[in-house]
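Please find below a short note on the structure under review. The points are numbered and may be read in any order.

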Amino acid sequence: MKHEEIEKLSFEDALQKLETIVRDLEGGRIKLDDAVEAYEQAVSLKKHCEEKLKAAELKIEKLETAADGSLTLKPLDDMQNND
């Protein structure tokens, strides 16, 4: 699978492909030559999944109610620092 194809995958699809590769590698169902290529693909899929998770994490915000009743959004990082 090419890098461009991996970039188009959803998080769920990339994770499923990654899990399949890991199972195949762990189960010894891949020939050595193919295992190296599968490992490289797994690394790319892992990176893609991490990037998707990071992007989702940055979008998460906490909704807070001010004393006057107004609502404000606070970034996740601020929420973690205050806990």
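1. Is Lys46 buried, partly exposed or exposed? Lys46 is partly exposed, its relative accessible area being 44%. The coordinates under discussion are those of a predicted model, and the remarks that follow should be read with that in mind.

2. Lys46 has a charged partner in Glu50: their side chains form a salt bridge, with an N to O distance of 2.7 Å. Both residues belong to helix 3, which comprises residues 32-59, and because they lie four residues apart, about one helical turn separates them. An α-helix has 3.6 residues a turn, so residues three or four places apart point the same way. Glu50 is partly exposed as well, with a relative accessible area of 43%.

3. The structure contains three salt bridges, and one of them pairs Asp24 with Arg29 at 3.3 Å, N to O. Asp24 is partly exposed, at 23% relative accessible area, whereas Arg29 reaches 57% and counts as exposed. Side chains of opposite charge can pair when their charged atoms come close.

4. The dimensions of helix 2 are consistent with its length in residues. The helix runs over residues 11-26, and at 1.5 Å a residue its 16 residues should span 22 Å. The C-alpha atoms at its ends are 22 Å apart, in agreement with that expectation.

5. Which residues of helix 2 are buried? They are Ala14, Leu18 and Ile21. These residues cover an arc of only 60° around the axis, and therefore lie on the same side of helix 2. The cover over the buried residues of helix 2 includes helix 3. On the other side of helix 2, Glu12, Gln16 and Glu26 are exposed.

6. One backbone detail deserves mention. Just after helix 2, Gly28 adopts a positive phi of about 70°.

Terms used
Residues numbered from 1 in each chain as written. Predicted model: local features only at pLDDT ≥ 70, side-chain atom pairs only at ≥ 80, totals over all residues. Heavy atoms only, no water. Salt bridge = Lys/Arg side-chain N within 4 Å of Asp/Glu carboxyl O. Buried < 20%, exposed > 50% of the residue type's maximum accessible area, 1.4 Å probe, protein only. Helix = DSSP H or I, 4+ residues; strand = E, 2+ residues; numbered from the N terminus. Expected span 1.5 Å × (residues − 1). Arc of directions from axis to C-beta. Contact = heavy atoms within 4.5 Å.
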